[in-house]
Amino acid sequence: MQKILAHIGGSRQYRSILRHISIANNTNINFMAENLHSKLFDTCYVQKPNIILYPGVEYTQEIHNFIVQKSREVQIVLYLDRPVQPVDLFKFWSDAGCKIVSYNRAASMASDVLECDMFYDDSIFTIIPNLARNCKIAVSLSIDNKKNHELLDSVLYPTQKEYNLVLFNNPEFKNPQNIGIYNEPDLNYILNTFEYFVDVDQEFSLEAAVCGIKNLDINNNTIIDALINQQYIKPILADKNKCSNFVNNELIKYMGI
Amino acid sequence: MNIGFLCPEINQNQIDHDILQAINGLCENRPLDNIVLFNNNYNTVDANKKYYILPMSHSKYFKGILFVFDTETASMSIAFPGPTKQILVLKHLEWANKHDLPYTLWYNIYMNSNLEIIVSNQQDYDLTTICWKQPIAINTSLTAKGLDDVIRQL
C-alpha cells in the first residue's frame, strides 16, 4: 500500500489529476490531499506518506527545504505546468531524486520527466443528453481586461444588438452582460447549452470539443468574422487527452505503484 | 383568481408606497379576486387599504400568482410548492454590479420555468433577454393597469 499525500492547489489540470487519483480503482493507493502550506513537515511527520505530490506553481522555500531534508525518505513528485525559473532547479531536483511530471512540455529541460499532453477532465466534461442549445454565444473572459476590451467592445450591447453574448469568469470586467463566475461542472453545463463559445485565453479547446459546442476561432478573426465564416477550433480528440487515461496508465506507474 | 404579493418588509418610502398603491388599484380593478399581501414587517400607514395581509409563511402554499420585488426574495420563493406562477418585478438588473457571484445563483432563479420577469425599461429588457430570457413586460412604473395586463398575459 502506497500512501500518497498531495497538496491541494495549483492549476486546473493539477486538480483534475488529484481528482482522478482519488477515484482511481487501485487498491495499492491510500490517497490524501490537503493544503500543505506551512505544515508540510508536520503533516508528513504525522501521516508518514510514501509519496508527496506537489504543484510546481506553488513551489516555496518550505518544499525546497523539505526536498533537501527528506527526499531520501519520501518520493517527491513535482507537477510542472509552466516554465520554471531558475533553471538550476532542474539539476537540484534531479540530484535529489525528485520525479517530474510536465504538462504540455513545460519542463522540457529536465532529464527524467513524465510528459503529459494537453488533457481534459473526463469525469466532468461530457455531453449531457437531451439538452437543447440556445442561440447565444458564451464568452469565457481572460483575466487580462485589455484583451477582453479589444475583442469584445465592438460586439457588446448597446453597440451590437444582434449578437447575444453572455460573459463569464472575470469579476473585474464591468459589463451587464457579465453574469458571474463558474466552476468546472458549471462550465460543462454552459458548453452543453450554448450554441457558440469564445474562449479569450484559449484554454478550454479540448473541453469545448468534447461537449460539441462551436468554439469560434478568434486567433486571426473578430468574433463576428469567425461567426459569419463559420471558423471553429476543432482539436482532434484522442484517448490520451483524457485525464483518467493519463493518471491510470502513466502517472501511477511513473510513481512506482 | 388568487393573487399574492410577497414583500418581506414594507417601509415608509416611495418604492413601497408605489407597490401598495398598485395593489390597491388592482383590488379595485379585480373585485372578485383574492388579493393578499404577504408581509412580516408592516411599517407604514395605508388609509386606503383594500387588500388582505397574511404572514409571509403563508405564501409557501399559496395557490395562485405570486409577485416578488427583488431577486433575494425570489431566491427564497422560487422553491415554494404552492404558487402556480411567480412574477419577479426587477427595478434594476441586480446581477449587473455583482460579477463575483456564481452565475448559477442567478440562473436557478431567472431561468426557472415557473418564473416570469418584468423590467422597467427597454435597455433592461434587451439585457435580460440576452443574458437570461425574454421578460414578460416592460413596466416603467408599477401601476395597477400594468400588473393587470401582466396577469391577463399568463
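Q: What percentage of the residues of chain A count as buried?
A: The model is predicted. A residue counts as buried if 20 or more other C-beta atoms lie within 10 Å of its own. Among the 257 residues of chain A, the share that count as buried is 35%.

Q: How many helices and strands does chain A have?
A: The C-alpha atoms of chain A fill a box of roughly 65 × 40 × 30 Å along the principal axes. Of the contacts in chain A with a separation of 6 or more, 63% are between residues 24 or more positions apart. The secondary structure of chain A comes to nine helices and 10 strands.

Q: Which classes make up the side of chain A that touches chain B?
A: The contact takes 14 residues from chain B and 15 residues from chain A. By class, the residues on the chain A side are nine nonpolar, four polar and two charged.

Q: Why is α1(B) oblique to α5(B)?
A: Helix α1 (residues 14-29) of chain B packs with helix α5 (residues 144-153) of chain B, their axes 8 Å apart and at an angle of about 60°. Angles under 35 degrees count as roughly parallel and those of 65 to 115 as roughly perpendicular. The angle of about 60° therefore makes α1(B) and α5(B) oblique.

Q: Which residues of α5(B) make the contact with α1(B)?
A: The crossing of the two helices, α1(B) and α5(B), is right-handed. The residues of their contact divide into four nonpolar, two polar and one charged. From α1(B) come B:Ala22, B:Gly25, B:Leu26 and B:Asn29, and from α5(B) come B:Ala144, B:Leu147 and B:Asp148.

Methods
Residues are numbered from 1 along each chain as its sequence is written. Chains are lettered from A and ligands numbered from 1 in the order in which they are written. This is a predicted model: local features need pLDDT of at least 70, side-chain atom pairs count only at pLDDT 80 or more; totals for chains, interfaces and linings use all residues. Two residues are in contact if their C-beta atoms, placed from the backbone, lie within 7 Å. Ala, Val, Leu, Ile, Met, Phe, Trp, Tyr, Cys and Pro count as nonpolar, Asp, Glu, Lys and Arg as charged, and the others, Gly among them, as polar. Axes are lines fitted to C-alpha atoms, for helices over the stretch in contact, and angles run from 0 to 180 degrees between N-to-C directions. Helices (H or I, at least four residues) and strands (E, at least two) are DSSP runs, numbered from the N terminus. Angles under 35 degrees count as roughly parallel, over 145 as roughly antiparallel, 65 to 115 as roughly perpendicular and the rest as oblique. A crossing is left-handed if the near helix is turned anticlockwise from the far one by less than a right angle, and right-handed if clockwise. A residue is buried if 20 or more other C-beta atoms lie within 10 Å of its own, exposed if 12 or fewer, and partly exposed in between; C-beta atoms are placed from the backbone.
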